[in-house]
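I opened a new page in my notebook for this one.

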Amino acid sequence: MNISVRELNAWFGRTQALYDISMEIPANQVTAIIGPSGCGKSTFVRCLNRMHETLPGTRVEGYVEVGSIEIYGNGTSPVEVRRRVGMVFQKPNPFPAMSIYDNVAAGLKLNGSYSRRELDQVVEHALRMAALWDEVKDQLKKQSGASLSGGQQQRLCIARALAVQPEVLLMDEPASALDPISTAKVEELLFQLRSQYTIVIVTHNMQQAARVADSTGFFLLGKLIEYDKTERIFTTPADKRTEDYVTGRFG
Amino acid sequence: MLKSQPTRNVAWTRVLADRAATGAAWLAALLVISPLIAIFGYLVVRGASAVNWAFLTHAPRPVGEAGGGIGNAIVGSALILGISSLLGVPLGIGAGVYLAEYGRGRLATLVRFTADVLNGVPSIVMGIAVYALVVLQQKHFSAFAGGIALGIMMIPTIARTTEEMLLMVPRPVREAALGLGVSEWRTVLSVSLRTALPGVITGVMLAFARIAGEAAPLLFTAFGNQFWNLNVNQPTAALPLQIYNYALSPYDEWHQQAWAGALVLIVLIVGTVCLVRLIAGRGVMKGTA
């Protein structure tokens, strides 16, 4: 499912966070969003599943199409959008009062009724995809999601997002709170998920963008400065500001 | 092998400070629980001898007749507290959810203020108010009226605790649910409220324990009854009322019964609170922070 963004503007109260972003994000590949803190990367991905508007005082204008759905169109329900466009957050945020199993099944359980067998299958499949199954299969229903290590929690959150079978996966700095081994596991996962999902990943870490992304967009002060194949962004960027940032000369 | 070897001086003052602080903490803890132990101990001393199976299962007898008990008052209290919980718990939790989730406008400020004022209303005033609004309309005392008086008294505590507990649920946890395409009301019920549940239950139990011992709001509402009654539209006995009546009487035997009734009341309240916690605690997962 490709994503087409046109003239997207977003505000926090009176402060404008995004200016006229237009961007074509192709299906079945990983697109990285890089840029310094406060440049609007997170706000941008949060506009792609209508999460930005859940904060008080925020506003969005513009067009975002996911596949054939105009997500800011009249009559498009944000709940429906978020079911199709999954999200993994910066800090692992499992539901603390739920078991590992219930965490993964939450998206389905809270949205409809499914038989035990269906849920069992979905939970196992999602945990296998997130490379967590072997580590937790013996304590699925006994342990809280919050009892896992940070890296495991983040993979649990990825499994939880995958369980509702979204078409797009947004990841907001998914590895920034993880140690190098857990980070490597999450990156490994991205390679495997790429064939089935459209993935947009925000990252602070340029090496990570270079490792995992097919295309990369560079944001600065709420504007999309440059967007191209990852290789070009990191070797021969067109814009001087991109070059300064990727070479570390930037303030 | 590394072993820290601070100089003697530093070590001494630190050990001393540590001991002093620990001792102070212990002392404070003892001071806090000692009144509870004293009250309970005194009740046991004065009342335990009168507590037996007959006392727990019989209705009061007239003056001069030996025996008699508080069985009807236990049942009556259960009936009244059941009605008040049915009224107070859903309304209190509902108000708390409203305050936490949508509590920004004028109405919310009003609700919060009202809850705080309601919390400060003397219980006897609550009894008179319900007497005027319910008893006079129905033209008779009833367990129903008593339940309403106590139920209203539960609301502020439950509402404010629920609000505070919900506000403590981290925003990322709620965002996780919204991000899965879970609707807002479902997120509040199944994620926020579920995460806050242990705290909410504590609030409910605090409110319950407080009203369970109230006699004043029942004087003009449930009124009391010397006989067995299960009809919510009839005057109904309650433990605090029974204790009050026995304690004010001029008879030694009834004083004894008042002590025993007070002991039973405390044991029942503590028992209910423990039981609810036990049942609710089974749903909590291992490793929850």
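Entry 1: I began with a pair of residues: A:Ala10 has A:Leu18 as its bridge partner in E2(A). Before going on, I noted that this is a predicted model, where local features need pLDDT of at least 70, side-chain atom pairs count only at pLDDT 80 or more, and totals for chains, interfaces and linings use all residues. I also noted that residues are numbered from 1 along each chain as its sequence is written, while chains are lettered from A and ligands numbered from 1 in the order in which they are written.

My labels are DSSP runs numbered from the N terminus, with helices (H or I) of at least four residues and strands (E) of at least two. Two strands pair if DSSP finds at least two bridges between them.

Strand E1 (residues 3-12) of chain A and strand E2 (residues 15-25) of chain A run antiparallel, joined by seven bridges. I found another pair there: A:Gln16 in E2(A) is the bridge partner of A:Trp11. Two residues sit between the strands of this hairpin, and A:Gly13 takes a positive phi near 60 degrees.

**Entry 2: strand E7 of chain A.** Is E7(A) enclosed or open? I counted a residue as buried if 20 or more other C-beta atoms lie within 10 Å of its own, as exposed if 12 or fewer do, and as partly exposed in between, with C-beta atoms placed from the backbone. For strand E7 (residues 168-172) of chain A, five of the five residues are buried, so E7(A) is largely enclosed by the rest of the structure. A:Leu169 and A:Met171 point one way, and A:Val168, A:Leu170 and A:Asp172 point the other way.

I looked at the neighbours of E7(A) next. Strand E6 (residues 85-88) of chain A pairs with E7(A) in the parallel sense over four bridges, and A:Met87 stands opposite A:Leu170. Strand E8 (residues 198-202) of chain A also runs parallel to E7(A), with five bridges. There, A:Ile199 is the bridge partner of A:Leu169.

Entry 3: Helix H6 (residues 150-163) of chain A has 14 residues and reaches 20 Å from its first C-alpha to its last, close to the expected 20 Å (1.5 Å times one less than its number of residues). H6(A) is mostly covered, with 13 of its 14 residues buried. After the helix comes A:Gln165, with a positive phi near 50 degrees.

I looked up the nonpolar cores, meaning sets of buried Ala, Val, Leu, Ile, Met, Phe, Trp, Tyr and Cys residues joined through C-beta atoms within 7 Å. The largest has 82 residues, and A:Val104, A:Ala126, A:Ala159, A:Ala163, A:Leu170 and A:Ile201 touch the most other members. H6(A) provides the largest share of this core, seven residues. Another core lies apart from it, with 63 residues, including B:Ala100 and B:Met205.

**Entry 4: chain B.** How many helices does chain B have? I found 11 helices and zero strands. The radius of gyration of chain B, taken over C-alpha atoms, is 24 Å. That is well over the 19 Å given for 289 residues by the globule rule (2.2 Å times the number of residues to the power 0.38), so chain B is more spread out than a compact globule. Its C-alpha trace spans about 80 × 55 × 35 Å along the principal axes, and buried residues make up 38% of the 289.

B:Val121 is partly exposed, with 14 other C-beta atoms within 10 Å. From B:Val121 to B:Met153 is 32 residues in sequence and 8.7 Å in space, C-alpha to C-alpha.

**Entry 5: where the chains meet.** Counting a contact when C-beta atoms, placed from the backbone, lie within 7 Å, I have 27 residues of chain A in contact with 21 residues of chain B. On the chain A side, H2(A) gives the most, with four residues.

Technical notes. Contact = placed C-beta atoms within 7 Å.
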